[in-house]
Amino acid sequence: MQEGKEFQLSRRGLAIVTAAAAAATGGPPAAQAQTGAAASPPASAPAMEKVSLVVNGQRHALELDARTTLLDTLREHLHLTGSKKGCDHGQCGACTVMVDGRRIYSCLTLAVMHEGDEVTTIEGLGKPGDLHPMQAAFVKHDGYQCGYCTPGQICASVAMLAEIKAGVPSHVSADLTAAPQLTADEIRERMSGNICRCGAYSNIVEAITEVAGRQA
Amino acid sequence: MKFDTPATRNPIDQMRVVGKPIDRIDGPRKTTGTAPYAYERHDAAPNQAYGHVLGAGIAKGRIVSMDTAAAKAAPGVVAIVTTLDMPPLAKGQTNVALLFGGAEVHHYHQAIAVAVAETFEQARDAAAMIRVSYAPEPGRFDLAAAAKDAPLSSGDSEEGSGAPAEDRVGDFEAAFAAAPVRLDATYTTPDESHAAMEPHASIAAWEGEKVTIWTSNQMIAWGKRDLAKTLGIPAANVRLDSPFVGGGFGGKLFLRADAVMAALAARAAGRPVKVALTRPQVANNTTHRPATIQRIRVGAGRDGRITAIAHESTSGNLKDGKPETAVQQTKLLYAGANRLTSLRLAELDLPEGNAMRAPGEAPGLMALEIAMDEMAEKLGLDPVEFRVLNDTQVDPEHPERPFSQRQLVQCLRQGAERFGWNRRNARPGERREGNWLVGMGMAAGFRNNMLTKSAARVRLDREGVVTVETDMTDIGTGSYTIIAQTAAETMGLPIEKVVVRLGDSDFPASAGSGGQWGANNSTAGVFAACMKLREAVAQKLGFNSADAVFAEGEVRAGNRRAPLGQAAGEGGLVAEDLIEYGDLAKRYQQSTFAGHFVEVGVDAFTGETRVRRMLAVCAAGRILNPKSARSQVIGAMTMGVGAALTEELSVDKRLGFFVNHDLASYEVPVHADIPHQEVVFLDEADPISSPMKAKGVGELGLCGVGAAVANAIHNATGIRVRDYPITLDKLLDRLPPVA
């Protein structure tokens, strides 16, 4: 019985929160949401949202289904397919892009959460014939095989070196307040959110180390 | 070109382009995100709709009904196709599990519907609205339980590892009973997932009766044949295109549900449809490496010579499936007069088990090479010396068949030297560095070299550019680059003058990418086509082809020289040929060899294992490109670390499915798990293999690694774990007392 009471309470609590959230964001009114929850929902048009993104320096005004991830926006709407979908769960890192200079998993964030944000994808780093130093280092050190995780690895590498430069510590940093060192262990730890099933890790670390050495 | 006598000197022996560590020619595209993978072909067909696959929510039983009303009425929905709309589709030649059709469910996440809509979000939503009513039936999901009465079964993985149900030489039982030193141990390997980074994906577009599938597939000709069979249409009406494959490892050898669902959905929608399996569907909808239970018995004299060896493996599969051929290498790796191998197959209702990188040898060596370590310990011999002592230069079951080349001993000796093996303490659990128990382990690596025909077409234009077309795939293996090197070498061109086009079923059928046969056979096919082109060029320019030298973009003979492009004229010059093989593979055993060496640290308090150093020394014929070949090997070594330490599909034995069907819970190695890796290739060229004198390396790099890790853990801790993966819970209660 106690359990049921708690459940009812939390449902009421949820309705209040939903109403507040709806009022704050100008979404559908709470009454409609409650009706929807009570019976099987009628087919209704998806909630469309306007969003404006600056991708690789170019502004895009989009109207998207609110459920569209940043990744699917890039791949399916802007046809920037360099960012890859490996899991759609934030587990593999193939979708890594930089938003306002920081690396994120673009599958774990909705496009509408990025109004006005600056997004840099692999296509924004360099092109065949005009490679970014990290892209060139990956080619030189064979830091890839099938190539599917590669754009994510490269975006993560570029942003990761910036994090070290900015003094952001990692799990393997011995001293959280000292400037982090550019060691292989630091690079491996910081790159562990990007899976490479082909197993190019040893070469990727060499590519990153070479670029980091040139920057330092 | 028929290859039926050992290769003599040929243009590849110049090693001007072949054998050089050239950067991959597809590298700039892959590193800039401009290499198009299957789901990304926006340009391929206009007006693509999105298909989302619904997988069965039970492992075995029947679908009673499917309510699609809500899904059909959902916004943006173009079509809903369910498995009840059609009878079971015909199975492709290489398919075990039914891919679609009918009410019967044979395994969890079997495709049972596809929702097609204008957007991905709408298709996903609509698929979730399909209400399915099931009549579940009990199934068999427990290999250990089913193994007890599993019958003998012969096996062939389609990937080259074949073994009869039972094979005997001499009298194993008598010799084993008489042996003064004996080992009888049972090892287990778990179900594993290929877990390629790119989930299976296809775009389908119909034009009348013809369908084109832009897909991700290792074996284009198999895929074309089997899609035609499954759809019941002539093969001539099917085209597959797969220029880039985001990892395969055997998981994309066969036609899978993504291609079938895309084709059916596109037909129903009346427009092109793109379909990708979701990450959680990959483990249960597609194939996996089956778990094994392996009993190994070894008997030896006190001198360390093996007198009796038996390897018996049991695995499970769906009805009509095949066993994992884990005993394969034991037939060939070590000497011994009295031998027994056998395979047993239990019928299970789990998803289809099939080839994963080095099927047979990968799990087989995980067991055999621990057994060899255990025997060496019993005999008081160094593990390297024990293996050297039992080397054989002939097929032990058929001594009249020599190995074409076999430098296993050199791999082991050189590996031991380079790795500092002499610093290993033979007594386990004795080396301590801070919190770490440190140990070294080694294992032999072995994988057969398979020969299979492979065709290519080459076209010369007036600019002197050669374009190679073959349906060969590059799954990360470096096919683009080694094929370009082969054509450049044979035609006397710089590599920049070669264009390589792959993965299109309209091109001549190649060996495809499987069984580490891709590199040797596909380049041999390109070599054959180029030799034909050389004839045509010589004839056109009035040279005697026997004297003509092809170098620096020219054809030369005596004091005459002409630019290659001159032979092409306006229309270009085209040659097509294939490599096919005589009986050299029957007369000689062709295999590849490695010595794997690993150093681990095991945390003395937590039992956590960290790999500290890895070395592979490989003998695998001519290495066509040491850079991409080395990558194949380090990648395989990485997969071997996963197999040793973390990878296991967990079976829910009540409901019958792989529970950890994503990349957070099926744990493949990440950056932090892998140290710097060393790879050495012995200088070899095997004229019995092909005109390229090459073999494969991509699977060899995995074979033996798991056992080398296991043996290093034993050396570090004194704990012998025979059940993979060696997770810390299997060590924790047996770790040496912490001082």
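# Notebook: the A–B interface and a few local details

I started with charges across the interface, and the count between chain A and chain B came to six salt bridges. I keep in mind throughout that this is a predicted model.

**Salt bridges, one by one.** I looked up two of the pairs. In one of them, the side chains of A:Arg75 and B:Glu40 meet, at 2.8 Å from N to O. In another, A:Asp142 and B:Arg24 join their side chains at 2.7 Å, N to O. I traced where this second pair sits: A:Asp142 lies in the loop between helix 5 and helix 6 of chain A, and B:Arg24 lies in the loop between strand 1 (2-3) and helix 1 (27-32) of chain B. For context, I noted 67 salt bridges over all chains.

**The interface as a whole.** How many residues does each chain bring to the contact? I found 58 from chain A and 63 from chain B. The two chains bury about 4800 Å² between them, and 57% of that is on carbon and sulfur atoms. On the chain A side, A:Gln145, A:Arg197 and A:Tyr201 lose the most area to chain B, together 18% of what that side buries.

I then turned to polar contacts, and found 31 residue pairs across the interface of chain A and chain B, both residues at pLDDT 80 or more. Next I listed the elements giving two or more residues to the chain A side; among them are helix 3 (70-77), helix 6 (150-165) and helix 8 (201-215) of chain A. Which helix of chain A gives the most? It is helix 8, with six residues. By class, I sorted the side of chain A that touches chain B into 23 nonpolar, 19 polar and 16 charged residues.

**Helix 8 of chain A against helix 15 of chain B.** Helix 8 of chain A uses A:Tyr201, A:Ser202 and A:Asn203 here, while helix 15 of chain B answers with B:Arg630, B:Ser631, B:Ile634 and B:Thr638. I counted two nonpolar, four polar and one charged residues in this contact. A:Tyr201 was already in my notes, as one of the residues that lose the most area to chain B.

**A helix pair inside chain B.** I also checked helix 9 (residues 361-379) and helix 16 (residues 705-717) of chain B, whose axes come within 7 Å and cross at roughly 35°. The crossing is right-handed. From helix 9 of chain B come B:Leu365, B:Met366, B:Glu369, B:Ile370, B:Asp373 and B:Glu377, and they meet B:Gly706, B:Ala707, B:Ala710, B:Asn711 and B:His714 of helix 16 of chain B. The residues of this contact divide into five nonpolar, three polar and three charged.

Most residues other than glycine have a negative phi, and most peptide bonds are trans. I wrote down one exception of each kind. A:Asn56 has a positive phi of about 50° although it is not a glycine, and A:Asn56 is in the loop between strand 1 (48-55) and strand 2 (58-65) of chain A. The peptide bond from B:Tyr724 to B:Pro725 is cis, with omega near -5°. I placed B:Pro725 in the segment after helix 16 of chain B.

Notes: Residues numbered from 1 in each chain as written. Chains lettered and ligands numbered in written order. Predicted model: local features only at pLDDT ≥ 70, side-chain atom pairs only at ≥ 80, totals over all residues. Heavy atoms only, no water. Axes fitted to C-alpha atoms, helices over the stretch in contact; angles between N-to-C directions. Helix = DSSP H or I, 4+ residues; strand = E, 2+ residues; numbered from the N terminus. Left-handed = near helix turned anticlockwise from the far one by under 90°. Contact = heavy atoms within 4.5 Å. Nonpolar A, V, L, I, M, F, W, Y, C, P; charged D, E, K, R; others polar. Buried area = accessible area lost by both parts, 1.4 Å probe. Salt bridge = Lys/Arg side-chain N within 4 Å of Asp/Glu carboxyl O. Polar contact = N/O pair within 3.5 Å; in protein donor to acceptor, adjacent residues only side chain to side chain.
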